[in-house]
Amino acid sequence: MKLSVPLMNGKEQEYIAHAISENEIGPRGRYLELFKKNISEYIEIENVSLLNSGTSAIHLGLKVLGVKEGDVVLCSTFTFAASAFTIVYLGAEPVFVDSEYETWNMCPEQLEKAIVSEMNLGKKPKAIVVVHAYGMPAKMNELMAIAKHYDIPVLEDAAAAFGSELNGQKCGTIGDLGVFSFNANKIVSTGGGGALVSQNKKYVELANYYGSQAKDKVDFYKHSSLGYNYSMSNLTAAIGCAQLESLEDKIQERRHIYESYKKSIQAIGFQKELVGIRSNRWLTCGTLESQVAVQKTMNAALSKQIEIGRLWNPMHCQPFFYKSRSYLNGCSEDLFKKGVTLPSSENLTLEIQKEVAKIILDQKT
């Protein structure tokens with residue numbers, strides 16, 4: 001049993017077959033327009049750019065914010081590498097900011113410390129990349145207040161947080177730009193794909209331009225800028241349309257799985273859902289008492305063909321980023337040492353959930 005698998009039990013095959021019958025398999029077609037429209041209506045933002053991955057969306061998001069060679073970009077250290085790699089793509093310098101223990105996301109105190117310190121070095125950050133770890137909304141009210149005080153734009157990496165909310169507002173719509181991923185293991189899965197969204201129409205128009213090989217609007221091939229082949233295909237969008245139709249059911253199932261784990265496994269310190277937050281609970285995550293307990297639990301699960309995973313190894317601990325500056329409080333390293341991710345697919349049986357609970361509880365005896 002894997003951590004998160006796509007569940008294709010809707011109209012995915014019907015829509016794919018229709019797209020093929022219409023010869024609409026490339027970067028144009030009705031499902032691209034429909035997927036864009038449905039996302040827009042769901043998140044209540046008009047401007048949506050559909051791309052071939054969440055990584056592409058982060059890259060273009062930073063580019064349209066004007067990030068360039070020599071700039072400093074502040075980034076959550078507790079994240080998947082794409083959030084940081086895309087900064088390097090643009091020749092900019094990632095500077096990492098640690099997490100807080102409640103939501104496991106970027107710590108507001110460490111963010112302000114990083115901004116002030118970087119400015120004292122003569123390097124006012126060009127942008128801030130805030131990640132909603134494992135679908136759990138970050139403390140966006142505090143983070144946005146700090147960002148606005150220092151006039152620094154925020155890109156929300158909501159790759160895993162599609163459908164998560166803070167005070168009724170969808171994650172990905174709170175910052176200046178938002179990014180979603182539709183990778184194979186995400187709550188809305190198209191096998192691969194992503195989206196960039198913003199209240200700022202110009203940002204999304206620029207992203208569309210750069211993401212489709214920067215073709216100028218003339219009747220021949222003319223390129224005035226460096227472009228990228230980042231367009232989503234109509235086949236991918238067809239799957240997305242079907243997946244989106246059952247999104248709320250998917251979220252409720254994953255939230256139910258989390259509640260089931262929480263009731264049966266007292267030995268775990270679960271990722272908290274603060275007042276006003278609704279997490280999509282993409283993955284149920286928690287911390288055990290030690291790194292030894294984590295390894296024993298993973299080994300025991302593997303012997304039963306059940307996947308229990310580690311949490312992210314922070315970016316500031318990665319060999320590639322050893323020389324990067326970081327503003328740390330020890331939280332992300334502690335989470336990495338003690339944290340686990342549990343199987344969370346919406347079709348997870350109660351039998352498997354009980355087996356996972358037993359594996360974890362057995363390591364306590």
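Helices α5 (108-120) and α6 (residues 140-149) pack at an angle of about 15 degrees, with their axes 9 Å apart. Axes here are lines fitted to C-alpha atoms, for helices over the stretch in contact, and angles run from 0 to 180 degrees between N-to-C directions. Helices (H or I, at least four residues) and strands (E, at least two) are DSSP runs, numbered from the N terminus. The model is predicted: local features need pLDDT of at least 70, side-chain atom pairs count only at pLDDT 80 or more, and totals for chains, interfaces and linings use all residues. Residues are numbered from 1 along each chain as its sequence is written, and side-chain values use heavy atoms, with hydrogens and water left out.

The two helices α5 and α6 are therefore roughly parallel to each other (angles under 35 degrees; over 145 is roughly antiparallel, 65 to 115 roughly perpendicular, the rest oblique). Their crossing is right-handed, with the near helix turned clockwise from the far one by less than a right angle. On α5, the contact (heavy atoms within 4.5 Å) is made by P108, L111, E112 and I115. E142, L143 and I146 contribute from α6. These residues divide into five nonpolar, no polar and two charged. Ala, Val, Leu, Ile, Met, Phe, Trp, Tyr, Cys and Pro count as nonpolar, Asp, Glu, Lys and Arg as charged, and the others, Gly among them, as polar.

The largest nonpolar core holds 42 residues. Such a core is a set of buried Ala, Val, Leu, Ile, Met, Phe, Trp, Tyr and Cys residues joined through side-chain atoms within 4.5 Å. Buried means under 20% relative accessible area, exposed over 50%, partly exposed in between (1.4 Å probe, protein chains only). F35, I39, Y134 and F162 touch the most other members. Elements supplying at least two residues each include α1 (12-21), β1 (47-51), β9 (194-198) and α9 (247-264). Helix α2 gives the most, with six residues. Beyond its neighbours within four places in sequence, F35 is in contact with L50, F182, T190, M232, A237, G240, C241 and L244. A second, separate core of 29 residues includes L155, V179, A207 and F321.

At 3% relative accessibility, W104 counts as buried.
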